[in-house]
Amino acid sequence: MVALRNIVVLTGAGISAESGIDTFRSAGGLWERHRVEDVATPEGFARDPELVQRFYDARRAAVQEVAPNAAHEALARLDAEWGGELLIVTQNVDDLHERAGARRVLHMHGELLSALCPICERRHRWTGPLLDRPACPTCEAHSLRPDVVWFGEMPYQMDRIYAALRQADLFVSIGTSGAVYPAAGFVRDARDLGARTLELNLDRSEGSHWFHESRQGRAGDLVPHWVSEILGS
C-alpha cells in the first residue's frame, strides 16, 4: 500500500440496491417485467417511444425519492480525503454518488436526471417526465430522449476510463455482476497493466476469479471498512 497513489473504482447496481433502487437482474427485477429489446435498445425506442418514455419517466421519479447509503457516503469520503488520483466509474444512472458528495464521478451509462436531444446533441438536466414530448431548451425540437446508454450504443467517455486504468495502482469493483461489457473487462485490463484488483460484492460475481481479492457482504458494510483501511482511519 506504500506506493498506492491512483485508484479507479467501478460501481454497479449492487451499491444502489441498498438505497431501494430496483436492479435489472435480481429476482423480480426490471428485466422480469420488461424485455431488454423493448425498453433498452434504440430499436425499441423507435418502435414504441411512449413505452420507453413511460419506463424511464417512472425510474426518474423513483430515483428522486431515495437517498444515498453508507457505501455512497464512504466513497464520497474517499473522494474528499484521497490525495492521489481517483475516478469513480459508475454503471448506475442514478445520482446517489453526487448526492453523497462525490465529485470525481463518471457515468459511463448516462444519467436518469439528464435528457439528450438527438437533433442538436445537447444534454440538459431533467427531473420531470419526457412522455409529453417537451421542447429541447436549446433547439426547441420535440425529440428529447433519456440520456441513458442503451444496448448497442457506445458507453460514454471510454477513452478517459482506459486512460485512468493505465495509471491505476488499484482497481476496485463494487456491486457489479461481472456480466455487462465493456465494464466487466476492466478488471482484466487493470490487472494486465499491473494494478492490484479488489472486488466488494454481495456474492461472488461472474468475474470474481479475475480479482486478486474478493470480499463478500453488503456494500454498506464492506465499502466503509475498505475506505477506512485505505485512509488509515
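Is Glu-153 buried, partly exposed or exposed? I find it partly exposed, with a relative accessible area of 25% (buried means under 20% relative accessible area, exposed over 50%, partly exposed in between; 1.4 Å probe, protein chains only).

Before going on, I note that this is a predicted model, where local features need pLDDT of at least 70, side-chain atom pairs count only at pLDDT 80 or more, and totals for chains, interfaces and linings use all residues. Residues are numbered from 1 along each chain as its sequence is written, and side-chain values use heavy atoms, with hydrogens and water left out.

**Salt bridges.** I use a side-chain nitrogen of Lys or Arg within 4 Å of a carboxyl oxygen of Asp or Glu. That rule gives 14 salt bridges. Glu-153 pairs with Arg-145 at 2.9 Å, N to O, and Arg-145 counts as buried at 10% relative accessibility.

I then looked up Glu-18, which meets Arg-218 at 3.3 Å, N to O. Glu-18 sits in the loop between helix 1 and helix 2 and Arg-218 in the loop between strand 9 and helix 10, so the pair ties together parts 200 residues apart in sequence. (Helices are DSSP runs of H or I, at least four residues; strands are E, at least two; both are numbered from the N terminus.)

**Helix 8.** Over residues 158-167, I get Met-158, Ile-161, Ala-164 and Leu-165 as buried. They fall within an arc of 125° seen down the axis, so they line one face of the helix; the arc is taken from the directions from the helix axis to the C-beta atoms. On the other side, I find Asp-159, Arg-166 and Gln-167 exposed.
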